[in-house]
Amino acid sequence: MSTPLPGTPAVPDTARHPRAFVAPLVATLLTLPMAAVAFFFVGLSPMACDSCGDAASDRFDASYDVVFPAFGFGLLVVLAVLVAAWALPWQRRYAAARVWFAVVAPVAVVLDFVVFDGLVAWP
């Protein structure tokens, strides 16, 4: 943005940012595989209690039945953050917000998995 002349109002920079796609692209290339791997391990986690006794199995199943939908909702939040990173206008004034959304997406996958891991009653 150029410096306005004295006495003229400042005009927001609405010029197209030439590399606006980089942050959402990197976030997408990191986030989608991370989410797939996390979903894979969350889906396999009921096998951790295949050889458990009745009490431990019931406790695990009760916690898993609550936490698995919460994990799925967390992945929907991650998807919404990625969509927001792509959907922001590709102007210079939105560059910081676009980068923040791009950074938050993979961090949200890790946080979602950590919350899942912490809430499940493992045997």
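## Secondary structure

The chain contains three helices and zero strands, a helix being a DSSP run of H or I with at least four residues and a strand a run of E with at least two, numbered from the N terminus. Along the sequence the order is α-α-α. The model is predicted: local features require pLDDT of at least 70 and side-chain atom pairs count only at pLDDT 80 or more, while totals for chains, interfaces and linings use all residues. Residues are numbered from 1 along each chain as its sequence is written, and side-chain values use heavy atoms, with hydrogens and water left out.

## Overall dimensions and contacts

The radius of gyration of the chain is 21 Å, whereas a compact globule of 123 residues would have a value near 14 Å; the radius is taken over C-alpha atoms, and the globule rule is 2.2 Å times the number of residues to the power 0.38. Along the principal axes, the C-alpha atoms fill a box of roughly 80 × 25 × 15 Å.

Of the contacts between residues at least 6 apart in sequence, 75% join residues at least 24 apart, where contact means heavy atoms within 4.5 Å.

## Surface and charge

Buried residues account for 29% of the 123 residues; buried means under 20% relative accessible area, exposed over 50%, and partly exposed in between (1.4 Å probe, protein chains only).

There are 6 positive and 8 negative side chains, and the centres of the two sets lie 32 Å apart. Lys and Arg count as positive and Asp and Glu as negative, without His and the chain ends; each charge is placed at NZ of Lys, CZ of Arg, CG of Asp or CD of Glu.

## Nonpolar cores

The largest nonpolar core has 14 residues, of which Val 42, Phe 60, Tyr 64, Phe 71, Val 109, Phe 116 and Val 120 touch the most other members. Such a core is a set of buried Ala, Val, Leu, Ile, Met, Phe, Trp, Tyr and Cys residues joined through side-chain atoms within 4.5 Å. Helices α1 (22-44), α2 and α3 (95-119) each supply at least two residues of this core, and α2 gives the largest share, six residues. Apart from this core lies another, of five residues, among them Ala 27, Val 81, Ala 102 and Ala 105.

Beyond its neighbours within four places in sequence, Val 109 is in contact with Thr 31, Met 34, Ala 35, Ala 38 and Val 78.

## Ser 57

Ser 57 lies in helix α2 (residues 54-87) and is buried, with a relative accessible area of 18%. Not counting residues up to four places away in sequence, Ser 57 touches Cys 49 and Cys 52.
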